[in-house]
Amino acid sequence: MAGIVKLMEMNHVKKTFDGIGVIKDISMTVGEGEIVSIIGPSGSGKSTLLRCATMLETMDNGELIYMGERAAWNDENGKMVYASKKDLKRIRENYGLVFQNFNLFPHFSVMKNITDAPVSVQKRDKDEVLRTGRELLKKMGLEDKEKAYPCQLSGGQCQRVAIARALALNPRILFFDEPTSALDPELTGEVLKVIKSLADLDIAMVIVTHEMAFARDISDRVIFMADGVIVEEGTPEAVFASDNERTRSFLGRYGEMLK
């Protein structure tokens, strides 16, 4: 990470549910413009790590930093504390999140889904936000869906609207939590193509995915998680050619697809 601005740091993060350690002492960083894919078997803690990073889950232990500013940390008694509500509001403006099930507002049109938060939360100029919304819809190939409602769209179209909504907030980092898991194979390719097209925007991306070929092709760095820990991380070339037994076992079934 030398010479790269750190946008986010997670240090010694732990999270348990019902006494079971789901995240066990994980540390990771995300640099400016970096694309990081997180892969691993189901139940390895990938989505929980993302939810801790975006503060949808509270951590039990550790430190979370955005742009050099602490969002969460352990106090002198070891208790987990979070920054003030005012500071967290500002910190949250550094990132956007795309969910696996879209989470669009069903009673909002496509354009209102995209523009509501920038106008009502970020207090940006409505005309400027509308212009941005239309540009994003064009980039998503949805310029004719501005007035449509989510129920009138396919799953792939809904996910592209969700991506546009996240981008409208002008984030420094975009988090994707298995963005294609709710889609059939044909729509999966459509959404992955859109995510690949975002690389030229120079926004950092953290992508939890089961799409191995996609992770290999798009990432600057791949993190392989299993049983709540980071087993291995490195360039896609290094991870996908790893000699680590656990990594090879997981990737073995994808071997033919990745050739």
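How exposed is Asp-25, by relative accessible area? I looked it up: Asp-25 is partly exposed, at 43%. My cut-offs for that are under 20% relative accessible area for buried, over 50% for exposed and in between for partly exposed, with a 1.4 Å probe and protein chains only.

Ground rules before I go on. I'm working on a predicted model, where local features need pLDDT of at least 70, side-chain atom pairs count only at pLDDT 80 or more, and totals for chains, interfaces and linings use all residues. Residues are numbered from 1 along each chain as its sequence is written, and side-chain values use heavy atoms, with hydrogens and water left out.

I found Asp-25 in strand β2, residues 20-31. Helices (H or I, at least four residues) and strands (E, at least two) are DSSP runs, numbered from the N terminus. Asp-25 isn't a glycine, yet its phi is positive, about 60°. Asp-227 isn't a glycine either, and I read a positive phi of about 55° there. Asp-227 sits in the loop between β10 (221-226) and β11 (229-234). It counts as exposed because its relative accessibility is 52%.

**Entry: helix α3**

Which residues of α3 (110-120) are buried? I noted Val-110, Met-111, Asn-113, Ile-114, Thr-115 and Pro-118. An α-helix has 3.6 residues a turn, so residues three or four places apart point the same way. The buried residues of α3 pack against α4 (126-139) and α5 (155-167).

**Entry: Arg-160**

Next I went to Arg-160, in helix α5. Arg-160 is buried, with a relative accessible area of 11%. Skipping its neighbours within four places in sequence, I get contacts (heavy atoms within 4.5 Å) with Met-140, Gly-141, Leu-142, Glu-190 and Val-194.

**Entry: α5 against α6**

I checked how α5 packs on α6 (residues 185-197): the angle is about 20° and the axes are 9 Å apart. Axes are lines fitted to C-alpha atoms, for helices over the stretch in contact, and angles run from 0 to 180 degrees between N-to-C directions. That makes the two helices, α5 and α6, roughly parallel; the label covers angles under 35 degrees, while over 145 is roughly antiparallel, 65 to 115 roughly perpendicular and the rest oblique.

Who meets whom? From α5 I listed Gly-155, Gly-156, Gln-157, Gln-159, Arg-160 and Ile-163, and from α6 Leu-187, Glu-190, Val-191, Val-194 and Ile-195.
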